[in-house]
Amino acid sequence: MTATEISPLIAAGPDTTTQAPMSPGTWLTADRVVPALAFVLLAPLYAVLSVVGHRQLRTSGFDLGIFVQQISSYADLRAPTSDLLGTGYNTLGDHFSPITALLAPAYRVFPSPETLLIAQAVLFAAAVIPLARWAVREFGTTVGVVVAAGYGLSWGVQAALNFDFHEIAFAMPLLALSMVALGRGRWSSAMLWALPLVFVKEDMGLTVAVIGALVAFWTTGRTRAFGVLTAVWGLAWVALAVKVIIPLLSANDSYGQGSKLPPLGSGIADTAHGFVAGDSRAATAFLLLAVTGFAALRSPLLLVAVPTVAWRFLSDNSNFWKPIFHYNAILMVIVFAALIDAVVRSRRHGQLSTRGQRIIFTAVAVFALIALPFLPMARLASADGWKTDPQATEAQQIAASIPTGETIAASNNLVPQFVSTHDVTVFPQRPTDTSTPDWIVVNRADPAGWPSDAAGDSAAVDSALASGYLVRAESNGIVVLEGP
């Protein structure tokens, strides 16, 4: 498309005309049934993937253990702390994520890491409901199913579910509802659903600001004013969190995550070089667009992804660049909303035929199916993908044998097995950990690789033995040491 063809699509804004119900007089319409079935299928599938992964030692202290300690603190009506981050460390001094307190009641009733994993599965699956419903209303049942499957099986969603629990789970349904409302021209709903995102994580305020700016750009009068206020709300919470709240509660009076962002000029230069060189940033950008058959590029809703992509790609932490971990989950919501919006806009302006629509959504379905064998869910297609790791069983037996109230330092990939029953820190101990654990539990057969490698683990064990710790048990590659 030329710039002349694209500019009207952006300036015109979404179609705000009211659509007639698909089948008046009955509740069982496709725009209700397809989203409901998608949720019912995806939520347990996500939960199984995460819970089975936990029982296969695929979870870790950083980050599942941290969130368990944080939410456990809320459940006990205490300030959110995590000894994994540092002795008595307030987690709001690391990231501003107070929304996780909403899980405290559930955790109090079911005090287990699996509670968080299941809650995350439900929240991720809930995001499919507004996306699929919008797709069905615009294009019919078949496209609604394609969008539901495309989002539900997307690589960004699976990567997040494969890596512990994270606060961004709360952003998934909120952002989906806001993006769909934005695309349909329901300005008040778009802003109202966006406002709570500032309590998910400090950077989400930038996303809120973009949503507010788009509302202001497309509207006039009072609605435009509310769009500006929404943008200000988002930016104000970013500033408050980064400049006041986090430094105030941190151990060193600063926003530690800010150290991962180099000066803007060098960050832009490095990012440009990375794209030219074809590093993981280029791969991630390609996959973000490929999942929608590149159609999302035709929608201004894609601008909502800019803050998240920008801070990640500008960072000097290469883990942020990759198409793994949890960093791409919210981007899946944005690109699929942009996909629907792009096709709606192109159709409205007579720039896309029915055949063209069919080609786009076929590409979405094909990409999802081709990628599936290479993604975490593929593990569930084999018997081995359902087996519990013997080390996880061993760790549970060790946890039961250590008296309640006694502290444990454990390898990072063993921490989640102890974190709901004991006060746990990571082994080898980090400089921020000033405690002396009663027990040390080390995975010698499958070293976590962080905060040290196998050689570092061995050196730390030797140091513990020299200081008076005694080996009390060794089984399935796990060594248990008791303190003097």
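Select glutamate 482 to begin. With a relative accessible area of 25%, glutamate 482 is partly exposed. Keep in mind that the model on your screen is predicted.

Glutamate 482 and arginine 472 form a salt bridge, and their closest N and O atoms are 2.7 Å apart. Where do the two residues lie? Glutamate 482 belongs to strand 5 and arginine 472 to strand 4, so the pair ties together parts that are 10 residues apart in sequence.

**Stop three: along the strands**

Start with strand 1, residues 408–410. Strand 1 pairs with strand 2 in the parallel sense, over 3 bridges. Pick isoleucine 408 and look across to strand 2. Valine 424 is the bridge partner of isoleucine 408 there.

Turn to strand 3. Strand 1 and strand 3 run parallel and are joined by 3 bridges. Pick alanine 410; its bridge partner in strand 3 is valine 441.

Move on to strand 5. Do strand 3 and strand 5 run parallel or antiparallel? They run antiparallel, with 5 bridges between them. Tryptophan 439 stands opposite glutamate 482 in strand 5. That brings you back to the residue where the tour began.

Stay with strand 3 and show its side chains. How many of its residues are buried? The count is 5 of 5, so strand 3 is mostly covered. Both faces are covered. Trp439, Val441 and Asn443 are buried on one side, and Ile440 and Val442 are buried on the other.

**Stop four: salt bridges elsewhere**

Side chains of opposite charge can pair when their charged atoms come close. The whole structure holds 11 salt bridges.

Select aspartate 31 and arginine 137. They form a salt bridge, with the closest N and O atoms 2.8 Å apart. What does this pair tie together? Aspartate 31 lies in helix 2 (residues 30–55) and arginine 137 in helix 6 (residues 128–139), so the pair ties together parts that are 106 residues apart in sequence.

Is aspartate 31 buried or exposed? Aspartate 31 counts as buried, because its relative accessibility is 6% and the cut-off for buried is under 20%. Arginine 137 is partly exposed, with a relative accessible area of 26%. Asp31, Arg133 and Arg137 are linked in a network of salt bridges.

For the last stop, select arginine 78 and aspartate 76. Their salt bridge has its closest N and O atoms 3.5 Å apart. Arginine 78 counts as partly exposed at 41% relative accessibility. Aspartate 76 also counts as partly exposed, at 42%.

Terms used. Residues are numbered from 1 along each chain as its sequence is written. This is a predicted model: local features need pLDDT of at least 70, side-chain atom pairs count only at pLDDT 80 or more; totals for chains, interfaces and linings use all residues. Side-chain values use heavy atoms; hydrogens and water are left out. Two strands pair if DSSP finds at least two bridges between them. Helices (H or I, at least four residues) and strands (E, at least two) are DSSP runs, numbered from the N terminus. A salt bridge is a side-chain nitrogen of Lys or Arg within 4 Å of a carboxyl oxygen of Asp or Glu. Buried means under 20% relative accessible area, exposed over 50%, partly exposed in between (1.4 Å probe, protein chains only).
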